[in-house]
Each structure stands twice: as C-alpha cells, then as structure tokens.
Amino acid sequence: MSDPSPGEARSLPERWLALRNRLVASSRFQRWAAGFPLTRRIAQRNARTLFDLCAGFVYAQILAACLRLRLFEILAEGPLSSEVLARRLALPPERAPTLLRAAASLGLIRTLRDGRYALADLGAATLGNPGIAAMVEHHALLYADLADPVALLRGEADHTHLASYWPYAEGGPVEAGTAAPYGALMGTSQAMIAQDILDACDLSKVRHWMDAGGGEGAFIQAVAGRLPTARLSLFDLPAVAERARARLDRIGLGGRIACLGGSFHEGLPEDADTISLVRVVHDHDDAPAQALLRAVHTALPQGGRLVLAEPMAGTPGAEPVGDAYFGFYLMAMGSGRPRTAQELTQMAREAGFDTVRERPTRRPLLARVLIAHKTGS
C-alpha cells in the first residue's frame, strides 16, 4: 500500500492518531495534562520515560563505575557508611556520596535508616553473573560507534569498533590473537543463559550433541554437566576451536569434548543428532544465516534436531532488547539483525526442517529457544 499524499483523505484511525499527536506535542496541553487529576499520572509517567531515554547513557556509566570500583563486591560483605566506602573505593570523600546516591536511585544499592549503604537486588544480581560486567566494559566500543547514530544509519561510518572486535563479521580470516577477546566475551555471555536453554530441551534421547559456533566452549561445558554419558563436540573457526580445546583441557573436559575447526560454508561435521546454535544466527545477514541453517539440516540425520537459542525481536515485554539494543548493536557490528521467532521459524522450514516449535525459557529477554526437527525423507 502506498503512502497517501498530504492532501489525500486518511482513515479514521489515522486521523485520530494525527489529532492525538498534535495534542501531545502541544506544550500547553502537556502543562494541562500534568495538572488534571485524570491525566496527571500518565503525564508524569511519560515525562519520566522520556527523561530516562535522554539520561540512559548516564545511568549505564554509573553502573560501569560501580562495577569497575567493585562496589557490589564490597557491599556484599555488609552495609558500610559513605566515609568507609570512600576509602575502600579510593574516591574523594566529597565525591563518593554522588556515586552512592546515584546507585541507590537506580536500585543498585539501598540506603539504610542509619545512613549506611547496603546491596540491593539489582546490584546483588550482578555478582552471580560475571557476564554482566564483561558486557558493560564491552559497551565502550558500542558507545563509540553510536557517537553519531545518524552517520551509522546512513552507512557513512568508514569502520566501526565493533566490526574490528568481531572480525568474522566482515568475512575476514580469524587468527588466534583476534579470536581471544571476543571468544572470552562469548563465553561469559553464553554461561549466563546456558542452563535456561538446557531447561527448555528434552535431553532424554541425546546421543551426540554438537554446539556449532560454540566459541571457547562455555555452552558445551554446561551440556557436559547435564549429559554425563553423551558424546559432545564443538565446531567453530579453526583459531576459535583451538582456543576452546586449550580451555577445555585446562578444566578437565578435553577428553570428553571434541573441538573441531572449520567453516559452515564448507559443511558441518556429521553424526550429531542434536546441533545447537546459541546466539549465532542473529550475527549473520539473511543469506549466510539461511546457508547456516541448511548446513545444519544437511549434517543432521533423520530424526535429528536443531536447538536455536538467542534473544529475538518482538519478545513480549522485552521489545527494546531485540529491536533497539540488538538492532543497533548488530548494525554497528556490520553483520546480522535481530529476527522474530516467526521469521526464524520460516527460515528453518525453508532450510528443510519439518517441524519447528518454541519452548519456553525462564528469561526470554536473554534467550528464546526454537526446536526444529528433521523428520522428512
């Protein structure tokens, strides 16, 4: 359907939307709505939401400061006064309260009645998820790439920091040195969601599980804990697979997990009845993503299955995660895009999978799971 010209008649819902937008855009109406009892709460909530969007970078940097200073680890020992915290954090005593009040306002820590500061739920949650700290540090690259978001959208940026960080995004060779930083980050992020993904899967009939694009082995390590007798393997680019082999050897799993190097463009190793793609498909543009799904389908035997897990666009209650955060992150990376569960389901069917079903996860904001079966002849 083409857009109507400025003078063309619009539908009733469109005319109502235009009227509503003119009202909301009026400063006079905004002032009235903020004072009228029936609209006051809505106006205040909208004003707060708009301000939070403007201040989001500052909030993120406050979290970064707390993590770098190890504030949450210190408060895990027990409540402390501002003066003691200033010494422990190596901050000037007149500046420490600014950080502490800011962190308390964001729900990261809390202020007790006696004026001391204690850990709050959000701050405590970071202690059990080291991947959060790693991602916060990593965001320095994303912020640099988003310094001029319009230039990024128009494709005017010559080269982005994230494209350099993820060298495979540009299709170039990946050597051991370039694989090290992103391999470690992948490991911490996968470890955060591995158990959620495995909880969503029926593990009772797995004979051989292969994690494709498995990085340094954090996810297949979690699989090993759930499947003590199954064959396990990891497939990734040769330099990455070599790092995975060394890491798994160090933690005593080298004998259980075979690390295989190669490219899915040349085909995947066969014999696994379950192949997982954890946060892999959304890193690729449509054509290579479709080729990857076809390669998985070809590698699987009849009755085999694909476990596809990643954050997805359009997740109810978490729409900004897929559409805003990952949308711009992957654009800055130069490869891939967030996709809805419906889009991924269609891609899997086009790759040859007969049935594709979503399995619920504990935290769909971080990862949703599709199980695709190869049952046809």
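The lining of the largest pocket comprises 35 nonpolar, ten polar and four charged residues, where Ala, Val, Leu, Ile, Met, Phe, Trp, Tyr, Cys and Pro count as nonpolar, Asp, Glu, Lys and Arg as charged, and the others, Gly among them, as polar. The model is predicted: local features need pLDDT of at least 70, side-chain atom pairs count only at pLDDT 80 or more, and totals for chains, interfaces and linings use all residues. Residues are numbered from 1 along each chain as its sequence is written, and side-chain values use heavy atoms, with hydrogens and water left out.

A pocket is an open set of points on a 1 Å grid over the protein atoms alone, where a 1.4 Å probe fits, with protein on both sides within 12 Å along at least five of seven lines; lining residues have an atom within 4 Å of a point. The volume of the largest pocket is about 2000 Å³, a volume being the space filled by probe spheres set on the points, which are joined across faces, edges and corners. Of the 49 residues that line the largest pocket, His139, Tyr143, Val321, Tyr325 and Leu365 lie nearest its centre. At least two lining residues come from each of helix 3 (40-68), helix 7 (121-127), helix 8 (130-145), helix 11 (176-199) and helix 15 (319-333). Helix 3 contributes the most, with eleven residues.

The protein has 16 helices and nine strands; helices (H or I, at least four residues) and strands (E, at least two) are DSSP runs, numbered from the N terminus. Of the 377 residues in the protein, 44% are buried, a term that means under 20% relative accessible area, with exposed over 50% and partly exposed in between (1.4 Å probe, protein chains only).

Helix 1 (residues 12-25) and helix 2 (residues 27-35) pack with their axes 5 Å apart, at an angle of about 80 degrees. Helix 1 is therefore roughly perpendicular to helix 2, a class that spans 65 to 115 degrees. Axes are lines fitted to C-alpha atoms, for helices over the stretch in contact, and angles run from 0 to 180 degrees between N-to-C directions. Leu23, Val24 and Ala25 in helix 1 are in contact with Ser27, Phe29 and Gln30 in helix 2 (heavy atoms within 4.5 Å).

Two loop residues other than glycine have positive phi values. Asp271, in the loop between strand 5 (257-261) and strand 6 (274-278), has phi near 105 degrees and is partly exposed, at 35% relative accessibility. Arg279, in the loop between strand 6 and helix 14 (286-299), has phi near 55 degrees and is buried, with a relative accessible area of 18%.

Key: Parallel < 35°, antiparallel > 145°, perpendicular 65-115°, else oblique.
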